[in-house]
Amino acid sequence: MVKICCIGAGYVGGPTMAVIALKCPKIAVTVVDISAPRINGWNSDHLPIYEPGLEAVVKECRGRNLFFSTEVEKHVAEADIVFVSVNTPTKTHGLGAGKAADLTYWESSARMIADVSKSDKIVVEKSTVPVRTAEAIERILTHNRKKINFTILSNPEFLAEGTAIKDLFSPDRVLIGGRETPEGQKAIETLKDIYANWVPKEKIICTNLWSGELSKLAANAFLAQRISSVNAMSALCEATGADISEVSHSIGTDSRIGPKFLNASVGFGGSCFQKDIMNLVYICECNGLHVVANYWKQVIKVNDYQKSRFVNRVVASMFNTVAAKKIAVLGFSFKKDTGDTREAPAIDVCKGLLGDKARLSIYDPQVTEDQIIKDLSMKKFDKEQPAHLQPPSPTSIKQVAVVWDAYTAVKDAHGVCIMTEWDEFKKLDYQKIYDNMQKPAFLFDGRNVMDVGKLRKIGFIVYSIGKPLDPWLKDMPAVA
């Protein structure tokens, strides 16, 4: 029986290995992690991450051919294929700080694999890594091996949180990069055969090792670029009276452009986009491609601009101050159907409002109070570090209340900010919300999911990104 071991039980390792176990019942899959609480979560009825469909997959396979363990070295030693899905956070100090990926955890994993291995192994890069990381890993494994052959493959993930299980069941493509050697090609075929149990072979793309590594960074950079492009247009729409939804639909019908990732919003978030783009910037700078580096930097600048523009619009609309005013924040995760808050736009928006002395009442159906307080107290890049290396956070923040009901959040509020596109927010009774708010009642739609006309009929003063401005807002322009 083929044995797979995945180092790292996070958002990538857990769901990916669960689906491999489901689709390949003749393969034994073990997910290992040094974090006992995380592994205990995977072995419990309350999984450590929220993802639609994940619980059913895990429960069907767990104990049969899917296992979760803290015995890292034991299962790595026994495995034929080792997936490495560990953190690659942005460096916070030293060379490349704020841009380069920190490969500390990757390097320690490689050294451990070399130390404990007693048989040949295929080592698969599942984490997002800089181009030519495989070369460094090969050197570590080669210099530490004991007549054992290691073959490195790049197999980046292209999952979208909230639809990860759907993406794994029916991926747009599976990318496998390997050396153009007999050993490399054999390893590629081995991994390809595993995915071919449920993925059509024409969707399995095989490349050289460096193309495999760069493709993930390039994909995320292109997606983030589209979001920043449409968000830049949203600012122009507000200035000219155009409607970003109409502009997006118009350009999206062009077959060369397509309609996806053209929804204007308060900005992109998640664990990958900003980190991967800054990594790409660093790689470009290291290769002397400064014009290219500056091009990709601008994608991040526009994203930051969109968040600060939103905060400025809130403050300017409410008589140029939110001091001591209650602002309800609906949604804190970076997108719907996930509890992940990494780089969530809500974090920067909340910090901006707190900086102007607002009182915040926050509700999200999947994010805990502890997580929200931690996010609002941590510095940039701290959250990318493993939990045990993150600085301690306060148990509360004086100006912040976290509640578990949307109606409680908005009661007596001066304004409402919709920061995540959770479906439940579209179904709320907004007449009831309006009746229980301070007047004038403001609603700021950071996700363009609300019926603006209906809300204005109720009596709300509404700001929706990229939409023609409410007459009230035209008289109080936001400076950004």
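Let's start with the rings: this structure, a predicted model, holds 10 aromatic pairs. Take Phe310 and Tyr463, whose ring centres sit 6.1 Å apart with 50 degrees between the planes, so this pair is tilted. What makes the pair handy for finding your way around is that it links distant parts of the chain. Phe310 belongs to helix α12 (residues 290-317), while Tyr463 is in strand β14 (residues 461-464), 153 residues apart. Both Phe310 and Tyr463 are buried.

Now move to Phe442 and Phe444. Here the rings are stacked, with 6.1 Å from centre to centre and 5 degrees between the planes. Phe442 has a relative accessible area of 2%, so it is buried, and Phe444 counts as buried because its relative accessibility is 1%. Elsewhere, ring pairs join Phe222, Tyr295 and Trp296 into a cluster.

Arg173 lies over the face of Phe158, 3.7 Å from the ring centre. Over the ring of Tyr434 you'll find the charged end of Lys439, at 4.7 Å from the centre.

That brings us to the salt bridges, of which the structure holds 23. One of them pairs Asp243 with Lys467, and their closest N and O atoms are 3.4 Å apart. This is another link between distant parts of the chain: Asp243 is in the loop between α9 (209-240) and α10 (244-252), and Lys467 is in the loop between β14 and α19 (471-474), 224 residues apart. Are these two partners buried or exposed? Asp243 has a relative accessible area of 16%, which puts it under the 20% cut-off, so it is buried. Lys467, at 19%, counts as buried too.

Next, look at Arg447 and Glu421, whose side chains meet in a salt bridge at 3.8 Å, N to O. Arg447 sits in the loop between β13 (442-445) and α18 (452-458), and Glu421 in the loop between β12 (415-418) and α16 (423-426), so the bridge ties together parts that are 26 residues apart in sequence. Arg447 is buried, with a relative accessible area of 12%.

Asp423 counts as partly exposed, at 34% relative accessibility, and Lys426 is partly exposed at 44%.

Methods:
Residues numbered from 1 in each chain as written. Predicted model: local features only at pLDDT ≥ 70, side-chain atom pairs only at ≥ 80, totals over all residues. Heavy atoms only, no water. Phe/Tyr/Trp six-rings, centres within 6.5 Å; stacked < 30°, edge-to-face > 60°. Helix = DSSP H or I, 4+ residues; strand = E, 2+ residues; numbered from the N terminus. Buried < 20%, exposed > 50% of the residue type's maximum accessible area, 1.4 Å probe, protein only. Lys NZ or Arg CZ within 6 Å of the ring centre and 35° of its normal. Salt bridge = Lys/Arg side-chain N within 4 Å of Asp/Glu carboxyl O.
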